[in-house]
Amino acid sequence: MSSISIQQLTKTYGPFAAVSDLTLDIPDGCVFGLLGPNGAGKTTTFKCMLGMARSTSGTTLFNGAPLVPASFESIAYVPERSVLYDWMTIAEHVQMTRHAFKAFDVARCKELLALFSLNEKQRVRSLSKGMKTAVAVAIAFARRAQTLILDEPTTGLDPINQREVLNLIINEATRGTTIVFSSHQIGQVERAAERIAILARGRLILEGAVDDLKADRKIVDGILPADDTPLAAFSTDPRVARADRNGRIVRLVVIADADGVATALSAAGAQGVRILDLNLEDIFINAVAPASSTADVVEV
Amino acid sequence: MPIVMTIDPRSGVPIYLQLIEQIKRSVALGVLTAGEQLPTVKQLAVDLTINPNTVARAYRDLEKDGLIETASGRGSFVRADGATQNAQTAGSDVARDTLESAVREGKALGLDRAAVRKLFAAALDRWLPEEV
């Protein structure tokens with residue numbers, strides 16, 4: 001069992017709040033994707049969860065209990081920036097890690113290093129950024145941990161190795177491992193994650209199962225009879241997150257009951273009413289971008 | 001496993017619904033027959049590079065629909081009882097969704113019932129003519 005509960009986590013640096021009042025529940029065995037623009041607070045969240053940065057307030061519980069040193073036996077973490085030592089070889093890092101963790105699987109680690117075409121005798125100094133990421137991923141996955149926290153685990157990797165990391169995440173998920181990872185590669189998150197959270201400026205702006213978000217969130221668009229057809233009813237409709245118009249063309253970002261909203265839009269006199277699906281990237285952009293920035297979308 | 005699945009994770013259609021649609025289609029077409037074993041959740045997740053809980057969700061829904069059954073420890077199977085009926089239900093489920101979206105599209109473009117009916121009759125005549 002390995003559930004994670006982040007409760008009202010806040011981290012401030014002077015007047016700047018890197019994370020504000022973040023509450024997230026990550027069920028046991030879930031692959032959870034953390035999305036957000038640069039500076040959204042993803043890395044700070046990971047560091048606070050793991051006690052590597054001191055939270056200003058709030059707590060994180062692993063299996064219902066706060067972290068203790070022994071918890072790290074069952075949690076593996078791949079930080080955003082490499083913490084490998086330049087002067088050591090890959091093999092020396094493997095040695096160091098195997099001594100620190102009982103469950104470390106040396107044979108598996110060798111397999112994983114080979115998967116990424118890494119030579120254990122190489123010193124970290126001679127590795128590219130992507131190769132360092134691969135070393136950190138290989139060592140973390142060989143830990144056989146119940147919980148994996150991966151901060152941008154594909155940074156600098158080529159598309160083939162990115163796919164290998166994705167395969168590893170899915171393989172671990174089939175073993176019931178709880179995995180929290182952040183990524184700017186939305187396509188990867190869309191495949192691997194069952195649930196996601198989107199952070200912006202330190203705040204949680206959207207959370208849910210990827211498939212539920214896709215089922216609920218739609219674009220409804222249509223052509224209004226006139227430039228001045230009133231739309232007020234839609235801008236206050238709780239099912240509508242956003243209403244953009246450009247003359248007679250209207251575009252509604254709907255968060256529930258798209259069929260009902262489409263019917264209402266037709267009833268308001270709109271023609272050519274369509275319901276369009278949104279993928280995770282669309283959902284992300286619509287959640288994060290300011291309202292005006294999608295105005296160009298309606299200029300057909 | 002004889003089923004060939006094509007999942008588009010970047011589509012706005014939930015992945016579990018894509019899986020359900022394809023498995024129903026496979027049953028309707030007889031690619032999956034009564035009593036036949038489906039890939040395990042793990043196998044399908046790994047093969048398609050998608051989340052295993054998402055696959056499990058699709059299997060649960062198919063079980064609720066009476067299309068498959070899961071024997072703990074042995075895997076999931078296309079239900080043996082009433083396989084023909086399952087196939088027909090599966091087929092009409094898939095076809096209904098497609099028809100509904102076609103009618104909605106016609107309506108959105110300003111067609112009335114008569115116009116849609118005419119198109120429907122023409123499509124029937126072309127693709128499913130009465131046997132003489």
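Modeller: Two strands pair if DSSP finds at least two bridges between them. Bear in mind that this is a predicted model.

Biologist: Which residue stands opposite Ser5(A) in β4(A)?
Modeller: Strand β1 (residues 4–13) of chain A pairs with strand β4 (residues 57–62) of chain A in the antiparallel sense, over 5 bridges. Within β4(A), the residue opposite Ser5(A) is Leu61(A).

Biologist: Which strands are the edge strands of that open sheet in chain A?
Modeller: The sheet is open and has 4 strands with antiparallel pairing, in the order β2-β1-β4-β5 (chain A). An edge strand pairs on one side only, and in chain A the edge strands are β2 (16–26) and β5 (65–66).

Biologist: How exposed is Asp21(A), the residue with a positive phi that is not a glycine?
Modeller: Most residues other than glycine have a negative phi. Asp21(A), in strand β2 of chain A, has a positive phi of about 50 degrees. Because a residue needs 20 or more other C-beta atoms within 10 Å to be buried and 12 or fewer to be exposed, Asp21(A), with 14 within 10 Å, is partly exposed.

Biologist: And where does Arg144(A) lie?
Modeller: Arg144(A) is not a glycine either, and has a positive phi of about 55 degrees. Arg144(A) has 16 C-beta neighbours inside 10 Å and therefore counts as partly exposed. Its place is the loop between α4 (129–141) and β7 of chain A.

Biologist: How many residues of strand β7 of chain A are buried?
Modeller: From β7(A), Thr147(A), Ile149(A) and Asp151(A) point one way, while Leu148(A) and Leu150(A) point the other way, and all are buried. Strand β7 (residues 147–151) of chain A is thus mostly covered, and the count of buried residues is 5 of 5.

Biologist: Which residue of β8(A) stands opposite Ile149(A)?
Modeller: β7(A) runs parallel to strand β6 (residues 75–78) of chain A, joined by 4 bridges, and there Ile149(A) is the bridge partner of Tyr77(A). β7(A) also pairs in the parallel sense with strand β8 (residues 178–182) of chain A, over 5 bridges. In β8(A), the residue opposite Ile149(A) is Val180(A).

Biologist: What handedness does the unit of β7(A), α5(A) and β8(A) have?
Modeller: β7(A) and β8(A) pair in the parallel sense. Together with α5(A) they make a β-α-β unit, and that unit is right-handed.

Biologist: Are α5(A) and α2(B) roughly parallel or roughly antiparallel?
Modeller: The axes of helix α5 (residues 159–174) of chain A and helix α2 (residues 41–48) of chain B come within 9 Å and cross at roughly 170 degrees. Because angles over 145 degrees count as roughly antiparallel, α5(A) and α2(B) are roughly antiparallel.

Biologist: Which residues of α2(B) does α5(A) meet?
Modeller: By class, the contact of α5(A) with α2(B) has 3 nonpolar, 2 polar and 1 charged residues. On the α5(A) side are Ile170(A), Asn171(A) and Thr174(A), and in α2(B) they meet Lys42(B), Ala45(B) and Val46(B).

Biologist: Which elements give two or more residues to the side of chain B that touches chain A?
Modeller: In this interface, 20 residues of chain B are in contact with 23 residues of chain A. The chain B side divides into 11 nonpolar, 7 polar and 2 charged residues. The elements of chain B that give two or more residues to it are α1 (15–28), α2 and α3 (52–64).

Key
Residues numbered from 1 in each chain as written. Chains lettered and ligands numbered in written order. Predicted model: local features only at pLDDT ≥ 70, side-chain atom pairs only at ≥ 80, totals over all residues. Axes fitted to C-alpha atoms, helices over the stretch in contact; angles between N-to-C directions. Parallel < 35°, antiparallel > 145°, perpendicular 65-115°, else oblique. Contact = placed C-beta atoms within 7 Å. Nonpolar A, V, L, I, M, F, W, Y, C, P; charged D, E, K, R; others polar. Right-handed = clockwise from strand over helix to strand, strands pointing away.
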